[in-house]
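Subject: Handing over the structure

Hello,

I am passing the structure on to you with this email, and below it I have written out what was found. Please read the notes with the structure open beside them.

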Amino acid sequence: MGQISNLTYINQAMDQYEVYFNKQMANENIQSVYIHNDEFYILFLSIGNQHIRSRVLKAMDTSFHKAFKKIKRKAIQLVQKSGVDPQWLKVDIVSEVKKVPFEVLEEKVKKARKNYFRWGISFDSEFRLAFLEQEINGNAMIRSTNKQPLSLDEVNINHYLKYNEGLRFPFIKKLYINKDVYLFKTTATFKNKLDDEIHELYNGELTNGIRKVTNIKKETKQLINKSTLFLMKQMTDNGQFEYGYFSAFAKKIGTYNILRHSSSLYALAEGYEILQEPKILEAIERGLNYLIKEAIVYKEDAEEQTAFVVDYSNENEIKLGSNATAILAMTKYMEVAQSDKYVEVAQALARGIIHMKLPDEGFIHVLTYPTFRVKALNRIIYYEGEAIFSLLRLYAIDKNDYWLEEVKKTFDYFIKYDYWKYHDHWLSYAANELTIYEPEDKYFIFGLKNCNHRLNFIYHRETTYPTFLELTMAVYKMVGKIKELQKDYLLKLIDETYLVQTIKRRAEYQRVGFFYPELAMYMKNPGLILHGFFIRHHSFRVRIDDVEHYLSGYCQFFHYFIPDLIDYNLTISDSQEDE
């Protein structure tokens, strides 16, 4: 689209919307709602771009045509008076209204999971004081303070009202006691200035506000492309990442974790493998050089070069998992770049992992630097899966049988103590990798059990929980290997049909954790978090490791699952509930 004025564009876009809605009306796809037995059409129009929190306009009338004319007029006036660049437009049409006492609303709010209140709220029957679900969550209008239950937050509501409507302190909770309020749901569409398409959005309780798509391969590639570039752009010139943000108020996360630094580099390398964009490889090199310069130390009294990653930001801890993710990042870089640049430092870090092994083949989880004394025998079970997976990835490069033998001894320990019960995706990665070299039944059995007993929980999980796709994809690859080796008798340990259904479900559902513009537009600084992945119940947190896990899962899905699909449309069901 050529350069046109904001005013010209808003006129054109609203005209396009009017044509679209006229067709919808003709097909009886637009719903009215009844309030006090009277029929109304209620519209919300959100206008925004990468630089501002969206402005939201409202209109209500007994005629859809009149309501749309009202909202169009308000949009033109907003652009004229404020100069807002209307790159993003989202129209919500109220499709359901439920009148409830204010006390019932408060109880619903109290019982909701944080940021999972998925109704809009109007505090009056004329929808003068009314908020979309995205406005409520995007401005933390429901929050908990001092460990109290979730409740409506007067401060944040009034702060937003001042921004959106220029109103000062019009909302006082106690004024609504013993009065009725209105919960509502909407159907919505979104239009981006960059294209002519009007995107239909889902309106289910868990999926509300996310675009509908049908081409799974194309959409997965887009998610990988956009999130890989997002992660790359978080890296500063010195190779350190911007660690993350709490999205509603664009608040930077002030801590750092070198383990997550490395695991994010690993995911970047997976993204590069698909996209083949040289800038990504350059960013990974910067990140690895930062890691080596700022965090890796060598134990001087060791017989061979033995290295450790020190997390200076967290009490100088040496975590088993930090050594492991550093090796994973280095080996994945060397694989995709066809280089041996970091092989010696990776081997030194592997010796550090062996140094942390116990006589029974388990691991010490945390040492402290510079004394190298034991700080914690056990910290996070994930460290152990990461450790043996990293040794296997190093073995794939240097073919040193020592690493393979150490992994096999530790895996016998895992089997002895039923580590499958932890359902750790790193253990699935490791089990799958080990069967490349040692296709013994016991390793396949372990890998299948690590997932099968968890499938029902994974399928129905309400939160996006991105490691679930990684876990199920590792097992999917293992099932393929079992068939190749004609060990079909092992498949009785996995419900393969349910596994495939669960992978589809998680790949689809994880999109509700992606900052498409139609969701990012309600945050304070949309451009800061646009195309990142977030964790909704952690204040829409976008942290490098959050992006990493989503990205890794989608890369595996793209490589190994999509090629097996013949005809598969991407649709999200809202039927699941937390177990």
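The notes below cover a sheet, then a helix and a surface patch, and finally some salt bridges.

Please keep in mind that this is a predicted model, in which local features need pLDDT of at least 70 and side-chain atom pairs count only at pLDDT 80 or more, while totals for chains, interfaces and linings use all residues. Residues are numbered from 1 along each chain as its sequence is written, and side-chain values use heavy atoms, with hydrogens and water left out.

The sheet

Five strands form an open sheet in the order β13-β14-β15-β16-β17, with antiparallel pairing; strands here are DSSP runs of E with at least two residues, helices are runs of H or I with at least four residues, and both are numbered from the N terminus. Two strands are said to pair if DSSP finds at least two bridges between them. At the edges lie β13 (296-298) and β17 (373-376), each of which pairs on one side only. From one strand to the next the twist averages 45°, where axes are lines fitted to C-alpha atoms (for helices, over the stretch in contact) and angles run from 0 to 180 degrees between N-to-C directions.

The strand β14 (residues 307-311) runs antiparallel to β13 and is joined to it by three bridges. Along this pairing, Ile296 stands opposite Val309, and Val297 stands opposite Phe308. On its other pairing, β14 is joined by two bridges to β15 (residues 317-319), again antiparallel, and here Val310 stands opposite Ile318. The hairpin of β14 and β15 has five residues between the strands, and in it Glu315 takes a positive phi near 60°.

Is β14 mostly covered or mostly open? Five of its five residues are buried, where buried means under 20% relative accessible area, exposed means over 50%, and partly exposed lies in between (1.4 Å probe, protein chains only). In a regular strand the side chains alternate between the two faces of the sheet. In β14, Ala307, Val309 and Asp311 point one way while Phe308 and Val310 point the other way, and all are buried.

Because 14 of its 18 residues are buried, α16 is largely enclosed by the rest of the structure. Just after α16, Gln486 takes a positive phi of about 55°.

In the loop between α15 (455-460) and α16 (467-484) we find Tyr465, which is partly exposed at a relative accessible area of 33%. Together with Ile380 and Tyr382, Tyr465 forms a nonpolar patch on the surface, with about 250 Å² of accessible area for the three together. Patches are made of residues with over 30% relative accessible area and no salt bridge, like charges being joined within 9 Å and nonpolar side chains (Val, Leu, Ile, Met, Phe, Trp, Tyr) within 5 Å. Accessible areas come from the Shrake-Rupley method with a 1.4 Å probe, and for residues only the protein chains shown count as cover.

Salt bridges

A search of the whole structure finds 39 salt bridges, each being a side-chain nitrogen of Lys or Arg within 4 Å of a carboxyl oxygen of Asp or Glu. One of them joins Glu107 to Lys110, with the closest N and O atoms 3.8 Å apart. Both residues lie in helix α3 (residues 102-111), three residues apart, which is about one turn of the helix. Glu107 is partly exposed at 35% relative accessibility, and Lys110 is partly exposed at 43%.

Another salt bridge is formed by Glu462 and Arg113, whose closest N and O atoms are 2.9 Å apart. Glu462 lies in the loop between α15 and α16 and Arg113 in the loop between α3 and β5 (120-122), so the pair ties together parts that are 349 residues apart in sequence. Glu462 counts as buried at 17% relative accessibility, whereas Arg113 counts as partly exposed at 27%.

Best wishes
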